[in-house]
Amino acid sequence: MMNIKDFDIQFELGSGTYSTVYYGKNNKTGEVVALKEMKEFRENCGFAQTTARELKILQQLKHQNIVRLYGVTTSEKYCKGEGNIFLIFEYMPHDLQSLLYSTSTTSLLSVGQLKGYMKQLLIGIRYLHSIGIVHRDLKPSNLLINNEGYLKIADFGLARPITYRECNYNVITLNYRPPELLLGCTLYGSEIDMWSIGCIIFECFIKRPPFQATTEAETLSQIYSICGSPNPNIASQYKFWKNLMPNQFYPNRLNDFLNQCQCNQNLSILLQNLLNVNPLERFSADKALHSSFFTSYPFPFFPWQMVKFQSTLETHIISMSPATPIDSPPLIQFV
Ligand code: ADP
Ligand code: MG
């Protein structure tokens, strides 16, 4: 087991509801890592159930498009009921959210580069689903990107094995949540992640989430008006159907919407199949990877073709430590 004393924790990288993530260095090897400190409620000395589940899943995962877990450690007084657990990950300097929305990077994301990232996302998810795990929180801020041109899926805090037993419908960040979960469906599998991926691919090209609302009802009405009414034969079994069903029949208007956004035909075909309100008809990751979107011009970039971005944090570190000689790379490297 790794020891927390082996790491020099330098500053915070980000934080969510359940964790704070720090940038740190391994004192012995000099290797840079991300340390995720779990904010958890513990009874006795045991791990909280949520941490145990996240850890158990992460330990099974080995794939180039999934963030790598190096190990786990606790702060020194952990067994006295103080301190926390730290998950130690490979450090990833960017995430898709910040690249999409920061003014210095957004214009550098060509169609080929975005297609390359989406292809890697689908390859990572195809692997995850093939070993029977559903992520349940896919969104741009959970997709990390490094300077080798790789996208890696992170944040397995809500992930769970696919069982087709009753599960919580209250998962996935609202803007990326499929209609069946908004309607209270509790029997689901990998298809819920595929809706989120449809939203993410759409967002890459229109530079905003396609459905943006603050309540379940509002999100659903946006989905109905663009993707059409769900089939009542299927949807009437969901818990909230009676309260949240559409008040009229809505046709599928996704193609018109995509044309307004000047999206090309291959992208439209893919999105029609991912943003399908019927979960049974939604594309799997493998089907999506075989769609014409990925086999047509402009072709998805390979990792080595991607434009690289220097991390703002590293710029900060470089400027903070003038005594250390560093071969600072140019701000942006074009390959
Ligand atoms: P939470 O469950 O709290 O959302 P995440 O695993 O998503 O936890 O981490 C929160 C944030 O920390 C991420 O959105 C990202 O900005 C940053 N982060 C997480 N893992 C890494 C990593 N391996 N390298 C760099 N930054 C990371
Ligand atoms: Mg997160």
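UniProt positions are given in the numbering used here, feature names are shortened, and annotations may be inferred rather than shown by experiment. This is a predicted model: local features need pLDDT of at least 70, side-chain atom pairs count only at pLDDT 80 or more, and totals for chains, interfaces and linings use all residues. Residues are numbered from 1 along each chain as its sequence is written, chains are lettered from A and ligands numbered from 1 in the order in which they are written, and side-chain values use heavy atoms, with hydrogens and water left out.

**View 1. Lys36, a binding-site position in the UniProt record.** The unreviewed UniProt entry lists Lys36 under "binding site". Lys36 belongs to strand β3, residues 32-38 (helices, H or I, of at least four residues and strands, E, of at least two are DSSP runs, numbered from the N terminus). Its relative accessible area is 10%, so Lys36 is buried (buried is under 20%, exposed over 50%, partly exposed in between; 1.4 Å probe, protein chains only). Beyond four places in sequence, the contacts of Lys36 include Ser19, Val21, Phe86 and Asp155 (contact: heavy atoms within 4.5 Å).

**View 2. The salt bridge between Lys36 and Glu54.** The closest N and O atoms are 3.0 Å apart (a salt bridge is a side-chain nitrogen of Lys or Arg within 4 Å of a carboxyl oxygen of Asp or Glu). Lys36 lies in strand β3 and Glu54 in helix α1 (residues 49-60), so the pair ties together parts 18 residues apart in sequence. Both Lys36 and Glu54 are buried.

**View 3. The salt bridge between Glu90 and Lys152.** The N to O distance is 3.2 Å. Glu90 sits in strand β5 (residues 85-90) and Lys152 in strand β9 (residues 151-153), so the bridge ties together parts 62 residues apart in sequence. Glu90 is buried at 13% relative accessible area. Lys152 is buried at 11%.

**View 4. The salt bridge between Asp286 and Arg126.** Here the closest N and O atoms are 2.8 Å apart. The pair links distant parts of the chain, with Asp286 in helix α11 (residues 285-289) and Arg126 in helix α3, 160 residues apart. Asp286 is partly exposed at 34% relative accessibility. Arg126 is partly exposed too, at 33%. Elsewhere, salt bridges that share partners join Lys36, Glu54 and Asp155 into one network.

**View 5. Aromatic pairs, ten in count.** Rings of Phe, Tyr and Trp (its six-membered ring) pair if their centres lie within 6.5 Å; planes under 30 degrees apart count as stacked, over 60 as edge-to-face and the rest as tilted. The rings of Phe11 and Tyr23 have centres 4.7 Å apart and planes at 10°, so this pair is stacked. Phe11 lies in strand β1 (residues 7-15) and Tyr23 in strand β2 (residues 19-26), so the pair ties together parts twelve residues apart in sequence. Tyr23 is buried, with a relative accessible area of 4%. Trp195 and Phe211 are stacked because their ring centres are 5.8 Å apart and their planes at 20°. Both Trp195 and Phe211 are buried.

**View 6. Model confidence.** The protein chain averages a pLDDT of 89, and 89% of the residues score at least 70 (pLDDT is the predictor's confidence in each residue, from 0 to 100). Over residues 316-335, pLDDT stays under 50.
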